[in-house]
Amino acid sequence: GHSAVVLASPDDVTIAGVLTSFARPANSGATLTRSFCPHCGTPIVARSSRAERLLMLPAGLFGAETEWFEPNQLIFARSHRAWDDLAEDLPQHETYRDPGAMM
């Protein structure tokens, strides 16, 4: 499947409470840090050292109130599975998108 995330500026997000984090090297050489609730394991936020001014928030974190969310691209299309239906006109990037395309 895929991971649907909302990109946000750290200045626009407030996270209360304690998180547990796990960092790992990505294929790009960047470090990906995922933070989650230490009690239930719910993913809360992720950060990449490639884009320190962006937070990746799982779209599912917003519960049922996600009518506003509409995917606008697919990154890592190289690992997309045919059974995971996506809009045919969705821009796709085989790996990371071009840094000039950062939103």
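This is a predicted model: local features need pLDDT of at least 70, side-chain atom pairs count only at pLDDT 80 or more; totals for chains, interfaces and linings use all residues.
Residues are numbered from 1 along each chain as its sequence is written, and side-chain values use heavy atoms, with hydrogens and water left out.

The protein contains 0 helices and 7 strands, where helices (H or I, at least four residues) and strands (E, at least two) are DSSP runs numbered from the N terminus. Its order along the sequence is β-β-β-β-β-β-β. The C-alpha trace spans about 40 × 35 × 25 Å along its principal axes.

Buried residues (under 20% relative accessible area, 1.4 Å probe, protein chains only) make up 21% of the 103 residues. The protein exposes about 7400 Å², of which carbon and sulfur atoms supply 53%; this area comes from the Shrake-Rupley method with a 1.4 Å probe.

The largest nonpolar core has 7 residues: Val6, Ala8, Ile44, Val45, Leu55, Leu57 and Ala59. Such a core is a set of buried Ala, Val, Leu, Ile, Met, Phe, Trp, Tyr and Cys residues joined through side-chain atoms within 4.5 Å. The elements giving two or more residues to this core are β1 (5-8), β4 (43-48) and β5 (55-58).

Leu55 is one of the core residues. Leaving aside residues up to four places away in sequence, Leu55 is in contact (heavy atoms within 4.5 Å) with Val6, Leu7, Ala8, Ser9, Pro10, Val13, Val45, Ala46 and Arg47.

Terms used
Buried means under 20% relative accessible area, exposed over 50%, partly exposed in between (1.4 Å probe, protein chains only).
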